[in-house]
Amino acid sequence: MLVVNPNKVGLVFGALLGGSHFLWALLVAVGWAQPLVDFVFWIHFIKPVYLVQPFSVLTAILLIVVTTTTGYAFGFFFGLLWNWFHE
């Protein structure tokens with residue numbers, strides 16, 4: 001069975017999760033996040049009740065660091081489990 005490198009799986013998961021949140025922070029910075037949230041709720045027949053806060057560099061950095069780290073940890077753990085179950 002295929003053995004995976006837990007570090008590489010962690011890096012991929014971290015890049016995907018951190019990258020998607022980087023894009024979200026970018027949407028907030030350019031002012032496109034609120035219209036996007038409103039549209040997504042609208043097409044799901046939900047009245048938008050959430051407001052996107054003004055952009056903050058420190059908050060954006062914290063968001064990206066936390067989600068990247070969490071993604072790496074989950075990916076690494078998933079890689080270990082994959083190898084353990086497929087011995």
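Val9 is in contact (heavy atoms within 4.5 Å) with Val4, Gly75, Phe78 and Gly79, once its neighbours within four places in sequence are left aside. This is a predicted model, in which local features need pLDDT of at least 70 and side-chain atom pairs count only at pLDDT 80 or more, while totals for chains, interfaces and linings use all residues. Residues are numbered from 1 along each chain as its sequence is written, and side-chain values use heavy atoms, with hydrogens and water left out.

**Helix 1 and Val9**
- Val9 is found in helix 1, which covers residues 6–30; helices here are DSSP runs of H or I with at least four residues, numbered from the N terminus.
- Because its relative accessible area is 16%, Val9 is classed as buried, a term that means under 20%, with exposed meaning over 50% and partly exposed lying in between (1.4 Å probe, protein chains only).
- Between the C-alpha atoms of Val9 and His21 the distance is 18 Å in space, for a separation of 12 residues in sequence.

**Helix 3 and Asn83**
- Asn83 has its place in helix 3, residues 57–85, and counts as buried because its relative accessibility is 18%.
- Not counting residues up to four places away in sequence, Asn83 touches Leu2, Val3, Val4 and Pro6.
- Asn83 and Val57 lie 39 Å apart in space, C-alpha to C-alpha, and 26 residues apart in sequence.

- Trp24, Leu36, Phe39, Val40, Trp42 and Ile43 form a nonpolar patch on the surface, and together they have about 580 Å² of accessible area, as given by the Shrake-Rupley method with a 1.4 Å probe and, for residues, only the protein chains shown as cover.
- Phe39, placed in helix 2, is partly exposed because its relative accessible area is 45%.
- Gln34 also has its place in helix 2, and a polar atom of the Gln34 side chain lies 2.6 Å from the backbone nitrogen of Val52.

**Aromatic rings**
- The structure holds six aromatic pairs, where rings of Phe, Tyr and Trp (its six-membered ring) pair if their centres lie within 6.5 Å, and planes under 30 degrees apart count as stacked, over 60 as edge-to-face and the rest as tilted.
- One aromatic cluster is formed by Phe13, Phe78 and Trp82.

Note on methods. Patch = residues over 30% accessible without salt bridge, like charges linked within 9 Å, V, L, I, M, F, W, Y side chains within 5 Å. Salt bridge = Lys/Arg side-chain N within 4 Å of Asp/Glu carboxyl O. Helix = DSSP H or I, 4+ residues; strand = E, 2+ residues; numbered from the N terminus. Polar contact = N/O pair within 3.5 Å; in protein donor to acceptor, adjacent residues only side chain to side chain.
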